[in-house]
Structure formats: structure tokens, C-alpha cells
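Thanks for coming. I will go through a few helix contacts and a few aromatic pairs, and then stop.

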Amino acid sequence: MKYLPDFITVLRIVCAVPLLFVRAFSPVFFILYAVCGVSDALDGFIARRTHTESRTGQILDSTADAVFFIIIVIVYVRTLRPSFVFTAWITAVCMLRAASLAAGLVRFKEIVFLHTCANKAAGFTLFCFPFLYILSPGAAFIAACSIASVSAIEELIINLTAQKPDRDVKSIFKL
């Protein structure tokens, strides 16, 4: 039971990679996508319930989140061909994320992914994106990019101003 949360996290990476090769929005895509989403919610829940949280688990979870995020952005940009404005916005969010990681690496000598409420909201919005896109493409891009922007800016500010790395900080107001 001790390694079950980590196994579930690794499952997210294993299911995310094939998303690059299956047809976007196909049944296989949605099955893999759903497994990634469920695993993201389940790994932490099980770790907390079984008292098996660990620094390794946190890092593995953040790595799986990053792998999933990068793959999904590639799939969406390649498949949906967003307008120049949305492409620029997505690029800006990715650059903010990279700057945040660089700030954590320079300041704390480690890569620091944060589990803020805004990051969780951005992850949830990203997970909901294909469903929202089917209903309203423009609104889906605006919602995803807006929430991702706020979370990326918050994470960068935290990594630039925090005295020490705290992956579980809930928001900039809890520093």
C-alpha cells in the first residue's frame, strides 16, 4: 500500500505519452485523458488517507503534472490550431512557468513546483478544456488561458519571494 500513490502517479505519465499519438478527441483519447485526470485526483487522496505522503511522491506528482501539461498543450496546439492571440497567450504562460522553475532552481537549488489553489484550478480547467471546447471553443481558450496565467504569475511571485521552498503553499497570501 505504501507505493500505491506513486504507482498511480506513474500511471498518469504512462497514459499521457500515448496522447501524442492517438487522434485527439477520439474515444481512445478520452479514455487515456480520463485515466490521467482520475489518477491526478486519486494519488494525493490515497497518499493522505494512508499517511504515505512523501517528498518523492510530491516531486513525482509534479513531474507527472508537467509531463501531462506539456503533452496536452502540444496536442491542443497541433490539433486545434489556435489563433495567433491564443498561441501567443499559451506561449507567454509557458514562459512564465519556465521562469518560475528557473527562479526556484536559482534560489533554492531545486526545481519547485507548487500545489497552490490557483495551480489546482488551472489543472482542473485544463482537464475540463476538451469538454468546454466542444461547447464553446473561444470561451474554453479564454477560461483556460486566464486561469493558467493567474496561477503562473502567482507561482513565479512565490518562487521569487518565498524564504524557503514550500510545495504545499496554498496561495501567495499564505507566505
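Let me start with helix α2, residues 27-49, and helix α3, residues 55-80: their axes come within 11 Å and cross at roughly 155 degrees. Since an angle over 145 degrees counts as roughly antiparallel, α2 is roughly antiparallel to α3. The crossing of these two helices is left-handed. Please keep in mind that this is a predicted model.

Which residues of α2 and α3 meet? On the α2 side they are Phe-29, Tyr-33, Cys-36, Asp-40 and Asp-43. On the α3 side they are Asp-61, Asp-65, Phe-68, Ile-72, Val-75 and Tyr-76. Sorted by class, the contact of α2 with α3 has 7 nonpolar residues, 4 charged ones and no polar ones.

Now to the aromatic rings. The count comes to 17 aromatic pairs. One of them is Phe-25 with Tyr-133, which is stacked, at 6.0 Å centre to centre and with 20 degrees between the planes. Phe-25 is partly exposed, at a relative accessible area of 22%.

Another aromatic pair is Phe-29 with Tyr-33, and that one is stacked too, with 5.4 Å centre to centre and 20 degrees between the planes. Where do Phe-29 and Tyr-33 lie? Both are in helix α2, 4 residues apart, which is about one turn of the helix. Are they buried or exposed? Phe-29 is buried, with a relative accessible area of 0%, and Tyr-33 is buried, also with 0%. Phe-29 and Tyr-33 were also on the list of α2 residues that meet α3.

The last item is α5 and helix α6, residues 137-161. These two pack at an angle of about 170 degrees, with their axes 8 Å apart. They are therefore roughly antiparallel to each other. From α5, the contact is made by Ala-118, Asn-119, Ala-121, Ala-122, Thr-125, Phe-129, Leu-132, Tyr-133 and Leu-135. From α6, the residues include Pro-137, Ala-140, Phe-141, Ile-147, Ser-151, Glu-154 and Glu-155. By class, the contact of α5 with α6 divides into 14 nonpolar, 3 polar and 2 charged residues.

Key. Residues are numbered from 1 along each chain as its sequence is written. This is a predicted model: local features need pLDDT of at least 70, side-chain atom pairs count only at pLDDT 80 or more; totals for chains, interfaces and linings use all residues. Side-chain values use heavy atoms; hydrogens and water are left out. Axes are lines fitted to C-alpha atoms, for helices over the stretch in contact, and angles run from 0 to 180 degrees between N-to-C directions. Angles under 35 degrees count as roughly parallel, over 145 as roughly antiparallel, 65 to 115 as roughly perpendicular and the rest as oblique. A crossing is left-handed if the near helix is turned anticlockwise from the far one by less than a right angle, and right-handed if clockwise. Contact means heavy atoms within 4.5 Å. Ala, Val, Leu, Ile, Met, Phe, Trp, Tyr, Cys and Pro count as nonpolar, Asp, Glu, Lys and Arg as charged, and the others, Gly among them, as polar. Rings of Phe, Tyr and Trp (its six-membered ring) pair if their centres lie within 6.5 Å; planes under 30 degrees apart count as stacked, over 60 as edge-to-face and the rest as tilted. Buried means under 20% relative accessible area, exposed over 50%, partly exposed in between (1.4 Å probe, protein chains only).
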